[in-house]
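Hi everyone, thanks for coming along. Have a look at the model on the screen, and I'll walk you through it piece by piece.

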Amino acid sequence: MLHPREILSTIDMLRHEHLDVRTVTLGINLFDCARQDPVRACAAIRRKILDKSRHLVAVCDEVGDKYGIPVVNKRIAVSPIAAVAAPLDADGMRRVAQTLDEAAEASRVDFIGGFSALVEKGIAAGDAALMEALPRALAETGRVCASVNVASTRAGINVDAVLRMAEIIKAAAALTADADGLACAKLCVFANIPQDVPFMAGAYLGVGEPDAVINVGVSGPGVVKSAVDRAVAANPGLDLGRLSELIKQTAYKVTRVGELIGREVAERLGLRFGVVDLSLAPTPNVGDSVGEIFQSLGLVSIGVPGSTAALALLNDAVKKGGAFASCNVGGLSGAFIPVSEDLNIAEAAQRGDLGLEKLEAMTSVCSVGLDMVALPGDTSVETLAGIIADEMAIGVINKKTTACRLIPVPGKAAGDYARFGGLLGESVILPVNHAAGPNAFIRRGGLIPAPIQSLVN
Amino acid sequence: MNKAIISILGQDRPGIIAAVSDLILRQDGNIENVSQTILQSEFSAIFIVTLPESLALEQLRAALQAGLAPLEQHVHVKPVHPGPPIYVPSPDREPFVITTRGPDRKGLVARITAVMARYGVNVTNLQAVFKGGEAPGDNVMIYEVDIPATIDQKQLRNDLRVEADALDLDISIQHRHIFEALNRI
């Protein structure tokens with residue numbers, strides 16, 4: 001017999017606190033689709049994606065109905081296209097992007113990730129072709145997401161690739177100038193990219209993964225905020241250790257939802273279940289915000305002194321709860337702080353409580369990085385590259401994933417407003433120190449060596 | 001051995017279960033199952049007991065009634081049906097939890113369960129609280145049910161939603177595993 005409290009608290013999480021399965025992401029290995037000829041490569045890719053994803057949306061909806069939990073997004077992640085389509089040139093890569101876009105639409109998924117390259121130690125021919133194709137591929141498609149891993153703790157930071165990515169970001173923004181540089185919202189630059197992230201825009205299916213696999217992303221910042229609010233209302237003197245414990249228990253519950261749904265979807269599709277990624281991923285809705293949790297914990301706003309410590313507490317508690325809830329926790333698993341996608345964080349940036357430098361500091365303890373940050377349109381390639389290199393260094397040295405999703409909004413300056421629409425939200429454009437200036441350090445290029453793994457201070 | 005089911009109803013107070021079980025023991029009876037609950041201030045319990053062949057049920061009932069008179073409890077005793085059960089749940093059934101919240105009015109339980117009955121949905125546990133008034137949180141019904149796999153689940157869900165809408169109720173129909181996954185280790 002269930003206790004009424006168990007039932008009613010669960011229903012409240014779903015109805016009032018935005019608990020949902022944010023994404024069920026079907027990973028599809030495309031290495032068997034490699035062909036010399038772009039037309040044949042695209043045909044093979046389309047065939048395999050459509051074959052594997054045929055029942056994905058219907059099954060997700062059935063399972064969501066059964067448990068009364070909405071599976072908000074259904075997505076596909078594929079093997080890194082730079083390797084799958086390595087024989088192709090930039091033109092061929094653009095065709096592959098079109099094919100991915102069409103296959104995603106036919107499969108009724110909203111995003112497909114994996115237009116990706118792994119170049120942390122060097123850029124191979126396929127990687128170069130994909131990178132050359134990136135700006136137009138992103139501007140010409142609606143559903144394709146791209147990621148490029150330019151650094152890792154084992155390889156160091158490929159500064160040539162960092163510079164190249166800064167140029168690509170500028171070019172992609174220019175091609176979508178009428179939409180505030182929207183193409184950049186579908187492009188992540190990574191250090192230590194995980195091979196099983198279900199969340200976009202960074203999702204791709206890594207080498208070493210099965211032929212097809214179901215990975216699940218659960219969210220629930222609203223659930224954590226409500227739990228903190230209730231506990232603090234009942235006991236205003238609650239200390240941070242107790243709050244951490246509470247967040248951990250809440251994260252446990254949310255992760256269990258993902259595991260239940262993911263396993264059943266995988267079973268019905270006859271596929272392997274991969275991981276559940278519990279990441280507090282906000283949407284631009286009140287009550288579905290990571291920024292609000294900072295206020296519930298007692299800070300005036302995200303960004304004020306104390307924010308990095310609060311985020312460290314939050315991120316760690318989420319990971320601990322998730323790890324206890326499931327032996328299949330993977331992906332990013334932590335707290336996201338995407339500026340434009342979180343109404344509360346965007347407001348903090350607007351008020352001036354949160355700047356680029358504090359954001360960067362916070363990314364040293366969050367689960368991703370500088371995410372959905374709108375920058376002045378005149379930010380130079382070198383300055384963009386400098387921001388990316390700094391972010392990569394945080395990931396490489398701290399043996400964690402970091403990423404940049406930066407949007408230099410064409411024709412707009414710091415303090416102006418950028419609007420990306422839908423879940424991508426909107427945000428004030430943050431001022432950048434030395435935005436348009438040169439940067440001889442970054443221009444030197446080359447590889448920043450992998451860091452020493454002893455003498456840890 | 002004879003099997004009997006005993007129900008006890010009355011105002012709650014300490015000592016009822018002690019008295020009932022002592023009276024059963026004195027008749028050489030053995031308790032197999034007990035379920036007991038308190039609704040508002042009313043006590044209710046059902047016992048399934050095995051009894052010696054020689055003991056007439058009427059004798060047990062009389063003993064319980066006399067023994068429980070000081071505690072002002074009503075006693076009912078009947079034999080447990082000896083043959084196979086008349087309702088055998090389908091082996092392909094799925095446990096669901098159906099929850100409603102909404103303004104209090106007469107007929108909520110009757111109309112929701114009428115839909116369930118039409119589909120052969122068996123209620124295995126029902127907890128309902130109606131404090132009255134319009135506050136949805138004050139008026140809650142929680143049905144744990146078994147839904148036969150053979151029925152059209154979509155149609156059942158649809159019919160339940162239509163009935164709930166007509167009653168102004170907010171209804172959730174969810175597989176039981178979600179509550180276990182979230183709340184239990």
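Before we count anything, one definition: helices (H or I, at least four residues) and strands (E, at least two) are DSSP runs, numbered from the N terminus. With that, the secondary structure of chain A comes to 15 helices and 14 strands. Its radius of gyration is 21 Å, close to the 23 Å from the globule rule for 457 residues, so chain A is as compact as a globular protein of that length. The radius here is taken over C-alpha atoms, and the rule is 2.2 Å times the number of residues to the power 0.38.

Now a word on where this comes from. This is a predicted model, where local features need pLDDT of at least 70, side-chain atom pairs count only at pLDDT 80 or more, and totals for chains, interfaces and linings use all residues. Residues are numbered from 1 along each chain as its sequence is written, while chains are lettered from A and ligands numbered from 1 in the order in which they are written.

Let's stay with chain A. Its C-alpha atoms fill a box of roughly 60 × 50 × 50 Å along the principal axes. Buried residues make up 60% of the 457 residues. A residue is buried if 20 or more other C-beta atoms lie within 10 Å of its own, exposed if 12 or fewer, and partly exposed in between, with C-beta atoms placed from the backbone.

How is chain A divided into domains? The assignment gives domain 1 (23-191) and domain 2 (217-444); such bounds come from an automatic or database domain assignment. The C-alpha centres of these two domains of chain A lie 22 Å apart. Across the boundary, 39 residues of domain 1 of chain A are in contact with 37 residues of domain 2 of chain A. Contact means that the C-beta atoms of two residues, placed from the backbone, lie within 7 Å. On the domain 1 side, α7(A) gives the most, with 10 residues. By class, that side of domain 1 of chain A has 28 nonpolar, 8 polar and 3 charged residues. For the classes, Ala, Val, Leu, Ile, Met, Phe, Trp, Tyr, Cys and Pro count as nonpolar, Asp, Glu, Lys and Arg as charged, and the others, Gly among them, as polar.

Let's zoom in on one residue. Arg143(A) is found in the loop between α6 (125-140) and β4 of chain A. Is Arg143(A) buried or exposed? Arg143(A) has 21 C-beta neighbours inside 10 Å, so it counts as buried. Leaving out residues up to four places away in sequence, Arg143(A) touches Asp101(A), Ala104(A), Glu105(A), Asp110(A), Phe111(A) and Ile112(A). Val109(A) is 34 residues from Arg143(A) in sequence, and the two are 8.4 Å apart in space, C-alpha to C-alpha.

On to chain B. There are 5 helices and 8 strands in chain B. The radius of gyration of chain B is 20 Å, well over the 16 Å that the globule rule gives for 185 residues, so chain B is more spread out than a compact globule. Of those 185 residues, 24% count as buried. Chain B is divided into domain 1 (2-79) and domain 2 (93-183), and 32 Å separate the centres of the two, taken over C-alpha atoms.

Follow the strands with me. Two strands pair if DSSP finds at least two bridges between them. Strand β1 (residues 2-11) of chain B is joined to strand β3 (residues 42-51) of chain B by 10 bridges, and they run antiparallel. In that pairing, Ala4(B) stands opposite Val49(B). Strand β2 (residues 30-39) of chain B also pairs with β3(B) in the antiparallel sense, over 9 bridges. In the hairpin of β2(B) and β3(B), with 2 residues between the strands, Gln40(B) takes a positive phi near 50°.

Further along, 4 strands of chain B form an open antiparallel sheet in the order β6-β7-β5-β8.

Finally, how do the chains meet? In this model, 17 residues of chain B are in contact with 16 residues of chain A. The largest share of the chain B side, 6 residues, comes from α5(B).
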